Amino acid sequence: MAQSANTAAGQPRSSYIKWHQLLPWLIPALLIALWQLAVATHWIDSGLLPAPLAVVQDGIKLWQSGELPKNISISLFRATTGFVIGGLAGFVLGLANGLSHTSRLLFDSTIQMLRNIPHLSLIPLVIILLGIGEPAKISLVTIGVLFPVYINTFHGITSVDPNLIEMGQSYGLSKWQLFTKIIFPGALPTILVGVRYALGVMWTTLIVAETISSNSGIGYMASNAQEFMDMDTVLLCIVIYALLGKVSDLIAKALEDLCLDWKTKGGAANG
Amino acid sequence: MAKPLVTLSHLYKQYGDNHALQDVSFTIHQGEFVALVGMSGGGKSTLLRLIAQLEQPTAGTITYAEPNLVKRVMFQDDRLLPWMTTLANVSFAAHDAKTQARAKETLAAVGLAGFEQTYPTELSGGQKQRLALARALMAAPQLLLLDEPLGALDALTRRNMQTFITHICDTNHLTTLLITHDVDEAARMADRVIVVKNGRAVYETVGAKGQDAETIARVGESVLRVILAPAPGEEGGSRD
């Protein structure tokens, strides 16, 4: 009896997990189905909005011709290079200003001024100074990524519980040990929020930069297709942006799960 | 008489216009369990922070038996590091090669054997305080400073922890200073009870550690009378 009760209890749980995993994909799948249906039944003019299948076929064609892999690669290169440079600069500045009062006095006011300039408004200036080559687009991504990483690193460092720092000091930790064992781990959740946000900014900035001033990349592909009213490719580029954004978010989430596994523990025992 | 470990001499501490401590002098002897008891805001925790060298006195001196006397504080809020396992929490401040083995022994001594890879958020309130105690014991302190460590626990866990801490301190011959506002706790655990009131050490009596309930109650009663007695210039009676 007990065994059958266990089986009965286990079955719905397993179904629930599968259903739970599928749930996030339900709305996108429904929207695509609706879109396909609307085009197939001529509710929507396929000249204005091609069917999803047409977009997929266009994607396969561009992939086979080598155009799509080339443009995705160059966009990925720009995005990751800009992200690494901007992220590192933001992290180092956030760290320095969070840890050193002198550094904070020296840099923070200037950074706050610069932070409030919308970085996309710098595009004309960047084009004049750097042209439409790689440095222009990478520097725009760098600027876009720098500030969210800076703010979150700075905030994370300065928000570490002072009681924990006092405890560390009273237990004889050196300054380096205080940093590695208390300050940095304490700030890490906030820093990773900044990284996750910066990944979104990275794609937005790159897409705008590539759309306005480029001769390669996904943004260029989209603006070029727009010139020829090639709606299949325009939609394909939008779908690729969405997928790249989702992949970035998954990477950020995986990083959080890896570094902050202690946050998922819990449920204190009684007594 | 055991030799003095810490001697406080005419200690004053001032925060702006607030005189937190005024002319406090007493000595803690080696192996002694001393309780400082009094109402909140009376200056007990300030005294502990000065002895722990977390703050400096405005005037007066604190003399330690050795210049590098090993002191460890167990705080009221456990101050455990949530990103570290219990084992790492105990060993995080130690540096020698035998750290891991000693950390496991210390965890076992406080009844947390088998919890080495558990995170603090998975522990109960009593277990967290045991872990905080293990962390303090890990350095083999010459002076253990307990800053109202049981304040947040329920009555039953609190009583168990009182017995447990007393046992650990006796077994390890630890010199201990306990800060508490609970007169019963002070009487039950300490060799000597000092009442701190309005920033002054106003009364001192022998504690009732290991004695019967009646003696504990008698000591507690005498301490409570001093705490509740109106200070010179105050009106008598309760306003409750």
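**Note on the predicted two-chain model**

1. Over residues 138–157 of chain A the chain is 100% helix and 0% strand, with the end C-alpha atoms 28 Å apart. This should be read with the caution due to a predicted model. The stretch is one of those to which UniProt, in an unreviewed entry, gives the feature "transmembrane region"; the record places that feature at residues 22–44, 72–95, 116–132, 138–157, 178–199 and 233–255 of chain A.

2. Another of the spans named in that record, residues 22–44 of chain A, is 83% helix and 0% strand, and its end C-alpha atoms lie 29 Å apart.

3. Turning to chain B, an open sheet is formed by 3 strands in the order β2-β1-β4, and the pairing is antiparallel. Because β2 (18–29) and β4 (59–64) of chain B stand at the edges, each with a single partner strand, one side of each is left without a neighbour in the sheet. From one strand to the next, the twist averages 10 degrees.

4. Within this sheet, strand β1 (residues 4–15) of chain B pairs with β4(B) in the antiparallel sense over 5 bridges. A reader who wishes to locate this pairing in the model can look at B:T7, whose bridge partner in β4(B) is B:T63.

5. A parallel pairing is found elsewhere in chain B, where β5(B) and strand β6 (residues 143–147) are joined over 4 bridges, and B:M74 stands opposite B:L146 in β6(B).

6. Which residues touch the most other members of the largest nonpolar core? In this core of 97 residues they are A:M202, B:A35, B:L36, B:A134, B:L177, B:A186 and B:V193, a list that draws on both chain A and chain B. Leaving aside residues up to four places away in sequence, B:L36 touches B:K44, B:L47, B:L177, B:I179, B:I194 and B:V196. There is also a second, separate core of 9 residues, and among its members are A:I218, A:A222, A:L236 and A:C237.

7. The contact between the chains takes 19 residues from chain B and 19 residues from chain A. On the side of chain B that touches chain A, the residues divide into 11 nonpolar, 5 polar and 3 charged.

Conventions. Residues numbered from 1 in each chain as written. Chains lettered and ligands numbered in written order. Predicted model: local features only at pLDDT ≥ 70, side-chain atom pairs only at ≥ 80, totals over all residues. Pairing = 2+ DSSP bridges. Helix = DSSP H or I, 4+ residues; strand = E, 2+ residues; numbered from the N terminus. Axes fitted to C-alpha atoms, helices over the stretch in contact; angles between N-to-C directions. Contact = placed C-beta atoms within 7 Å. Nonpolar A, V, L, I, M, F, W, Y, C, P; charged D, E, K, R; others polar. UniProt positions renumbered as here; feature names shortened; annotations may be inferred. Core = buried A, V, L, I, M, F, W, Y, C linked by C-beta atoms within 7 Å. Buried ≥ 20, exposed ≤ 12 C-beta atoms within 10 Å, placed from the backbone.
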